[in-house]
Amino acid sequence: MNPVFRKVQASVAQQALLLNKALTPCRAAPSIRHPVWCTHSVNERQYKGMPTHGIGRWKYLLPKQAPRKKKDKQQMKQIVSATDTAYGTLNVNVSGYDMTVVEHYSQYIHNFCNRLGIKVADSYALPTKSTEVMLMQEQGTKTYVDAVLKTHHRVIQLSTLNAALCPVFMDVLLKNQPEGVQLSVTEHTEADFQARFKARPELEGLIAQMNQ
Amino acid sequence: MQQKKMAAPCGRMASRPLLQFLSRFSRSPVGNTGFRQFSSATVCRAAFQINEAAERANSPWTLMAAVCLQRLPVISADCSPIEQQFKQMLHQIELEKSVLSDHELRLLEDAERMSRKQADDYDSDEEDSHGDQEIMMAQDLEDIWEQKMKSFQPAPRVRADVDKDLTSAERCLADSLVLLAEQEVGDEKLWLLPQTRWQEGETLRQTAERALTSLPAAGFKATFLGNAPCGVYKYKLPKAIRTENSIGTKVFFFKAILADGAPPKTKTAPFLWVKKSELQKYLKPAYMMKVERFILDL
């Protein structure tokens, strides 16, 4: 063990010698290279206020938040246009009388798109339409209400669809379509988006008055 | 929109521009028993530009396009025991989570009103004016509907005799069927998906459509699912026949769905509607390997 220690000590001493040799030339340099250090004396201040000025600042460390507007008007998402190899924004419209079946089918399509990597832009429901089925009475000409059928709509909006993927996608959708459900694939237009909103007659009246 | 075709060598699929399409599919039990209503409209079919002939002349492969015409299942398949149990459970959950419908509320109200009428201290003036409902109680409506239901005869789901007839398009309503045609390839007659040779100046999809319409004695109306082919089969001619200009053929497959309308059935027409499991009996093994990859058996 001793020889090892001696060797270690020797190497440490050698390193210290080297360091000293390295330091001495450096010590002379600061006075030449940094004359500023010499000019200021201890009494002059280089900081504003107290040395602890701004010690409690933390809000600058938070991530930047966009200023929130009071109420965002529903903006339409950009409609992607079709390119040479992909379709643009498509609406897959599922409708039927039986709500559970329609909803389950639309959930199936959504999950399927996620699995295939097709980006789903939006998934919403259109208002339910009620249809009254009226039958003629056996005696007499009056019709009476026989049944009320409610048609439910669900829409899944795909942002793009690759042309090579399209036949596979459509094939699977068609083969798994349940009975009593209508499936339709259309392009998304601005009119489709505006149809979701209710008309505001007073606002339109005022606008018409303003334009006159 | 411009269309560019790459003819050879067709190691990768030819790229085609997009035709925007609108299609509406509906599955309704009323109407044609065998087929779904299917309507489509093509929007902006653009004119194409023919590529330089020099590029194509060098290719030693002959190109053909085939159509994989499918008849979709009309009724849902029967569930396995586990599926049935699960379905039962889901149904029960939906029932317990659901709210009472209008009809059920009416039933409850009527029952309540009846019980109030039966009570001794019943005063009809206190009752709200429900003049119409007294004539037709909700229970009576239910009875009428029960009667109508009993007189309704649904069509049988599975018909064994039609199932065995391979040429009928209405067999096996729960499965999807593929059309096979017997065509002459070289010197022998083979069962394969209807195909025809590609001609200059048309897209491969148009060739596939031509293949469908040129089938003898069949008025199949089909909707093609897309412009891109779904599969490829390469066939090298035997060495004896091989020449400089023709090494073999490449067949591109396109998927199509049989549209509405039962095609006229002729006994002599060499067509078969087969399920995926039965394909093996009719197709050659190498061909079968390529074809079964894109035929979905859902």
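Residues are numbered from 1 along each chain as its sequence is written, and chains are lettered from A and ligands numbered from 1 in the order in which they are written. Because the model is predicted, local features need pLDDT of at least 70 and side-chain atom pairs count only at pLDDT 80 or more, while totals for chains, interfaces and linings use all residues; side-chain values use heavy atoms, with hydrogens and water left out.

**Figure 1**
Chain B contains eight helices and 10 strands; helices (H or I, at least four residues) and strands (E, at least two) are DSSP runs, numbered from the N terminus. Of its 298 residues, 37% are buried, where buried means under 20% relative accessible area, exposed over 50%, and partly exposed in between (1.4 Å probe, protein chains only). Chain B exposes about 18,400 Å², 55% of it from carbon and sulfur atoms; accessible areas come from the Shrake-Rupley method with a 1.4 Å probe, and for residues only the protein chains shown count as cover. Mean pLDDT, the predictor's confidence in each residue from 0 to 100, is 73 for chain B, and 70% of the residues score at least 70. The model scores ipTM 0.72 and pTM 0.69.

Where pLDDT is low, the predicted coordinates should not be read in detail.

In strand β3 (residues 61-71) of chain B, 11 of the 11 residues are buried, so the strand is largely enclosed by the rest of the structure. In a regular strand the side chains alternate between the two faces of the sheet. B:Trp61, B:Leu63, B:Ala65, B:Val67, B:Leu69 and B:Arg71 point one way from β3(B), and B:Thr62, B:Met64, B:Ala66, B:Cys68 and B:Gln70 the other way. Strands pair if DSSP finds at least two bridges between them. With strand β9 (residues 248-258) of chain B, β3(B) pairs in the parallel sense over 10 bridges, and B:Ala66 has B:Phe253 as its bridge partner there. Strand β6 (residues 195-197) of chain B pairs with β3(B) in the antiparallel sense over three bridges, placing B:Gln195 opposite B:Ala66. Strand β4 (residues 177-185) of chain B runs antiparallel to β3(B) and is joined to it by two bridges; here B:Val178 stands opposite B:Gln70.

B:Thr196 lies in strand β6 of chain B and is buried, with a relative accessible area of 15%. Not counting residues up to four places away in sequence, B:Thr196 touches B:Met64, B:Ala65, B:Thr207, B:Arg210 and B:Ala211. In helix α7 (residues 204-213) of chain B, the buried residues are B:Leu204, B:Arg205, B:Thr207, B:Ala208, B:Ala211 and B:Leu212. Seen down the axis of α7(B), these residues fall within an arc of 155 degrees (taken from the directions from the helix axis to the C-beta atoms), so they line one face of the helix. Their cover includes β3, β6, β7 (222-224) and β9 of chain B.

**Figure 1. B:Cys172 in its loop.**
B:Cys172 lies in the loop between α6 (160-164) and β4 of chain B. Its phi is near 50 degrees, a positive value in a residue other than glycine. B:Cys172 counts as buried at 9% relative accessibility.

**Figure 2. Nonpolar cores.**
A nonpolar core is a set of buried Ala, Val, Leu, Ile, Met, Phe, Trp, Tyr and Cys residues joined through side-chain atoms within 4.5 Å. In the largest, of 25 residues, A:Val92, A:Ile109, A:Phe169, A:Leu173 and A:Leu183 touch the most other members. At least two residues of this core come from each of β2 (90-96), α3 (99-116), β4 (143-158), α4 (166-175) and β6 (181-187) of chain A, and α4(A) gives the largest share, six residues. A second, separate core of 22 residues includes B:Ala65, B:Leu69, B:Cys172 and B:Phe252.

Methods. Contact means heavy atoms within 4.5 Å.
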